[in-house]
Amino acid sequence: MSNEIRNFAYICPECKQLVIAQQSAFALAAGDCRIGCPCGKSELRVENMGSMYHLSVPCVACGRNHEVSCPQEALLRRKALALTCKATGYDCCVVGEEEAVLEAAKRMELTADELPENAENGKEG
């Protein structure tokens, strides 16, 4: 069943590479996970807090990490769950079923290509 595996996608704010990884629902329930970019300069963190998950998501649009908590049911069962940068409206991460995440990741890449080169200036605010 496709719901047993969760797919995660984000774009590294440092090297602009798309990072896609899979985690089983069992692994997510068992403890915290980290999904790092191969460049080693960013990582998405998922912390199991019982009935909630806390995510720390790197954002290519504003250069900050976004902290968000979501219900376990949403993270583990939704077809696709997009996490959006409040400052820019950019979907900085998507979690869900493989096909939906890959489609969203393509849109994220296209949108990231249109971001200003100095988008990381948001770090100062």
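What follows is a chat about the sheets, core and confidence of this predicted model.

Reader: Before we start, what kind of model is this, and how are residues numbered?
Author: This is a predicted model, where local features need pLDDT of at least 70, side-chain atom pairs count only at pLDDT 80 or more, and totals for chains, interfaces and linings use all residues. Residues are numbered from 1 along each chain as its sequence is written, and side-chain values use heavy atoms, with hydrogens and water left out.

Reader: Ok, so what's the mean pLDDT of the protein?
Author: The mean is 89, and 90% of the residues reach 70 or more. pLDDT is the predictor's confidence in each residue, from 0 to 100.

Reader: Which stretch has pLDDT below 50?
Author: Residues 118-125 do. Beyond near neighbours in sequence, that stretch has 15 contacts in the model, a contact being heavy atoms within 4.5 Å.

Reader: How many bridges join β1 to β8?
Author: Four, and the two strands run antiparallel. Tyr10 stands opposite Cys93 in β8.

Reader: What about β7 and β8, how many bridges there?
Author: Five bridges join β7 to β8 (residues 91-96), again antiparallel. Leu83 stands opposite Cys93. The hairpin of β7 and β8 has six residues between the strands, and Gly89 there takes a positive phi near 80°.

Reader: Which side chains of β7 are buried?
Author: Leu81 and Leu83, which point to one face. Buried means under 20% relative accessible area, exposed over 50%, partly exposed in between (1.4 Å probe, protein chains only).

Reader: Why do they alternate like that?
Author: Because in a regular strand the side chains alternate between the two faces of the sheet.

Reader: Which residues have the most contacts inside the largest nonpolar core?
Author: They are Phe8, Leu28, Leu44, Val46, Leu55, Leu75 and Tyr90, in a core of 38 residues. Helix α3 (residues 98-113) gives the largest share, five residues. A nonpolar core is a set of buried Ala, Val, Leu, Ile, Met, Phe, Trp, Tyr and Cys residues joined through side-chain atoms within 4.5 Å.

Reader: What does Leu28 touch?
Author: Leaving out residues up to four places away in sequence, Leu28 touches several residues, including Phe8, Val46, Asn48 and Leu75. The backbone oxygen of Leu28 lies 3.3 Å from a polar atom of the Asn48 side chain, and Asn48 lies in strand β4.

Reader: Which sheet order includes β4?
Author: β3-β4-β5-β6, an open sheet with antiparallel pairing. The edge strands are β3 (33-36) and β6 (65-71), each pairing on one side only. Seven bridges join β5 (residues 52-58) to β6, and the bridge partner of Val57 in β6 is His66.

Reader: Switching topic: which side chain does Glu43's make a polar contact with?
Author: Arg34's, at 2.5 Å. A polar contact is a pair of N or O atoms within 3.5 Å; within protein, one must be able to donate a hydrogen and the other to accept it, and residues adjacent in sequence count only if both atoms are side-chain atoms. Glu43 is in strand β4 (residues 43-48) and is partly exposed, with a relative accessible area of 25%.

Reader: Last one: where is Lys16?
Author: Lys16 sits in the loop between β1 (5-11) and β2 (18-24). Lys16 has a positive phi of about 65° although it is not a glycine, and at 44% relative accessibility Lys16 counts as partly exposed.

How values were computed:
Pairing = 2+ DSSP bridges.
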